[in-house]
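The following paragraphs are intended to be read alongside the sequence and the coordinates.

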Amino acid sequence: VYIGSDDSRIYAFGGASGSKKWEYKTGNIVRSSPAIGSNGILYVGSQDGNLYALNEQTSAKIWEYPIAGGVTSPSIGVDGTVYVGSSDKKVYALDGKTGDKKWEFLTTGDMRFSPSIGTDGTVYVGADVYVYALNGMTGGKQWKFKTGGTVFSSPAIGDDGVIYFGSRDKKVYALDGKTGEKKWEFETSGNVDASPAIGSDGTLYVGSWDNKLYALK
């Protein structure tokens, strides 16, 4: 079990026993959720402005990539590319093995939540009042959709490619993942910062600042 802490450290614990296996100190608090690649590398961001790649067994640093701002939780593509957003308003794509930058894309606002990756490699990310769809290989913008409020949630992706997310305009949106066309919207009584989750039967679950949990079909 891997977790970051406000004491600027990343911890690894034995899942069965809870005993500490190792800790790694960064330069600032760690609010990013770690992501683990199939290559045995642990990726995690720190508020010191770095994305770290660590050996998941030993905590040995493999590389770090400097980013001018707070770093979101990373997401990993099927080819091992690591995608991460930042408060510097950019989305980064990094080589998971070397940390070399493949591309970056400038949005209109800072990012708080991790990018989501479609089965076709499309990268979806919320920033400011927009949701962007980016080509995972090149970083080229495929489309962007404007909401009526700031988007803090990570998009959820259905089996049919529809993406779902919330906004601070109190709404939940469903968009066609290929075109960005709005399929529907649902209005709650509070801001929707929570990232939606999709059940096995396709039901969408999402929380709101109105103190309610919604199940949408």
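**Loops, rings and spaces**

Asn-211 lies in the loop between strand S21 (204-207) and strand S22 (213-216); strands (E, at least two residues) are DSSP runs, as are helices (H or I, at least four), numbered from the N terminus. Although Asn-211 is not a glycine, its phi is positive, at about 70 degrees. Asn-211 counts as exposed because its relative accessibility is 77%, where exposed means over 50% relative accessible area, buried under 20% and partly exposed in between (1.4 Å probe, protein chains only).

The model is predicted, so that local features need pLDDT of at least 70 and side-chain atom pairs count only at pLDDT 80 or more, while totals for chains, interfaces and linings use all residues. Residues are numbered from 1 along each chain as its sequence is written, and side-chain values use heavy atoms, with hydrogens and water left out.

A positive phi, of about 75 degrees, also occurs at Lys-170, again not a glycine. Lys-170 is found in the loop between strand S17 (162-166) and S18. With a relative accessible area of 36%, Lys-170 is partly exposed. Thr-107 belongs to the loop between strand S11 (101-106) and strand S12 (116-117). Why does Thr-107 count as buried? Thr-107 does so because its relative accessibility is 7%. Its side chain reaches the backbone oxygen of Gly-109 at 2.8 Å, a polar contact (a pair of N or O atoms within 3.5 Å; within protein, one must be able to donate a hydrogen and the other to accept it, and residues adjacent in sequence count only if both atoms are side-chain atoms).

The aromatic rings come next. A search of the whole structure finds 14 aromatic pairs; rings of Phe, Tyr and Trp (its six-membered ring) pair if their centres lie within 6.5 Å, and planes under 30 degrees apart count as stacked, over 60 as edge-to-face and the rest as tilted. Among them, Phe-145 and Tyr-173 are edge-to-face, 5.5 Å centre to centre with 65 degrees between the planes. This pair links distant parts of the chain, since Phe-145 is in strand S15 (residues 141-146) and Tyr-173 in strand S18 (residues 171-176), 28 residues apart. Both Phe-145 and Tyr-173 are buried. Tyr-173 also pairs with Phe-165, in a stacked arrangement with 5.3 Å between centres and 15 degrees between planes. Phe-165 is buried, its relative accessible area being 0%, and Tyr-173 has a relative accessibility of 4%.

Elsewhere, ring pairs link Phe-105, Tyr-130 and Tyr-132 into a cluster. Lys-144 lies over the face of Tyr-130, 4.2 Å from the ring centre; the rule requires NZ of Lys or CZ of Arg within 6 Å of the ring centre and within 35 degrees of the ring normal.

Finally, consider the open space. The largest pocket has a volume of about 230 Å³. Of its 16 lining residues, the closest to its centre are Asp-160, Gly-161, Val-162, Gly-177 and Lys-178. A pocket is an open set of points on a 1 Å grid over the protein atoms alone, with protein on both sides within 12 Å along at least five of seven lines, whereas a cavity is a set where a 1.4 Å probe fits but cannot get out; lining residues have an atom within 4 Å of a point. The largest cavity contains about 30 Å³ of space, and its lining includes Arg-112, Phe-113 and Pro-155.

Definitions and conventions. Grid points are joined across faces, edges and corners, and a volume is the space filled by probe spheres set on the points.
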